[in-house]
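Welcome! Here is a short tour of a structure that may be new to you. Take a look at it first, and then we can walk through a few of its features together.

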Amino acid sequence: MSAVTGEPTIGDVFGEMIRDAYAVATGIGPRPLAGGRLPRPVIEIIERDDGLVNGAPAAHYLDPPQAWPPHDHRAVDRVRGRTLDVGVGAGRIALHLQERGTPVTGLDTSAGALRVCRHRGVRDLVLGTVDEHVVDGRRYDTFLLLGNNLGLIEGRERAPGFLAALAALARPGARIIAHGTDPYGTRDPVHTGYHELNRRRGRLGGQLRLRLRYRELGTEWFDYLVCSVDELAELIHGSAWRLVDVDDADRPYYLATLELTGA
């Protein structure tokens with residue numbers, strides 16, 4: 001962190017955080033210590049552009065299937081064929097699919113996270129974005145956007161390009177299985193006020209502008225979308241995908257299944 005500005009150093013926040021969470025969970029690698037002696041919990045800090053700061057334990061990225069929320073189990077039960085786990089994180093979903101005999105590739109922009117995935121046993125990993133992966137010539141039957149990774153659509157500006165990249169990576173009949181959260185059930189003025197601020201700026205209400213922080217590191221500011229099912233339907237209109245199913249048994253969380261049109 002700069003001693004002059006107080007701003008964090010830009011770096012692989014997620015990778016450093018997952019490395020430390022993995023060390024705490026397994027004893028593999030140097031563990032972060034409080035006061036130089038006691039194991040320190042690894043906390044992911046999420047900063048929103050209106051000044052809101054939240055923290056959450058990072059250990060859940062390593063959760064085994066028995067600790068998953070119910071919708072994750074229902075999501076993996078919908079997987080068929082060769083699968084791309086977009087935003088593979090620490091590899092919890094990819095490892096489970098491997099054990100079930102599903103051919104799965106983990107994609108992430110964090111080199112550190114992929115190192116942890118590799119150490120945990122994920123066999124097929126790609127560093128990059130979906131757009132960058134298109135040129136590799138690989139094709140998939142299922143795309144997973146779990147762990148709330150429907151947010152990678154970002155908003156109206158990014159959605160067409162993101163969906164087009166997935167279509168370019170898709171085999172005939174491919175599907176996207178995405179976990180999203182409807183943000184509009186809250187009455188918390190911290191969040192409802194942010195929704196209104198976004199709308200005044202011409203953005204979707206749940207379109208978050210965030211950066212991640214861990215120790216002295218930070219990311220650049222980025223968009224991450226939390227949207228209703230109706231907003232999702234609007235975003236995919238005119239794309240190569242159609243919304244064929246919504247599982248909202250765990251509201252406000254939902255699983256959206258999209259299928260490639262013309263299949």
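Which side chain does R40 join through a polar contact of 3.4 Å? The partner is Y214. Please keep in mind that this is a predicted model.

- R40 sits in the loop that links β3 (38-39) and β4 (43-48).
- R40 is buried yet forms no salt bridge.
- The nearest side chain of opposite charge belongs to D20, 4.3 Å away, and a salt bridge requires a distance within 4 Å.

**The seven-stranded sheet**
- Seven strands form an open sheet in the order β8-β7-β6-β9-β10-β15-β14, and their pairing is mixed.
- At the edges are β8 (125-127) and β14 (241-247), each of which pairs on one side only.
- From one strand to the next, the twist averages 20 degrees.
- Strands β10 (residues 170-181) and β15 (residues 253-260) run antiparallel and are joined by seven bridges.
- T181 has Y253 in β15 as its bridge partner.
- Helix α8 (residues 229-236) lies across β14 and β15, and it runs at about 165 degrees to β14.

- P65 belongs to the loop between β5 (53-57) and α2 (70-76).
- With a relative accessible area of 24%, P65 counts as partly exposed, because buried means under 20% and exposed means over 50%.
- Leaving aside residues up to four places away in sequence, P65 touches H73 and H96.
- P65 and I93 are 28 residues apart in sequence, while their C-alpha atoms are 8.3 Å apart in space.

Notes: Residues numbered from 1 in each chain as written. Predicted model: local features only at pLDDT ≥ 70, side-chain atom pairs only at ≥ 80, totals over all residues. Heavy atoms only, no water. Pairing = 2+ DSSP bridges. Helix = DSSP H or I, 4+ residues; strand = E, 2+ residues; numbered from the N terminus. Axes fitted to C-alpha atoms, helices over the stretch in contact; angles between N-to-C directions. Contact = heavy atoms within 4.5 Å. Buried < 20%, exposed > 50% of the residue type's maximum accessible area, 1.4 Å probe, protein only. Lys, Arg positive; Asp, Glu negative; His and termini not counted. Polar contact = N/O pair within 3.5 Å; in protein donor to acceptor, adjacent residues only side chain to side chain.
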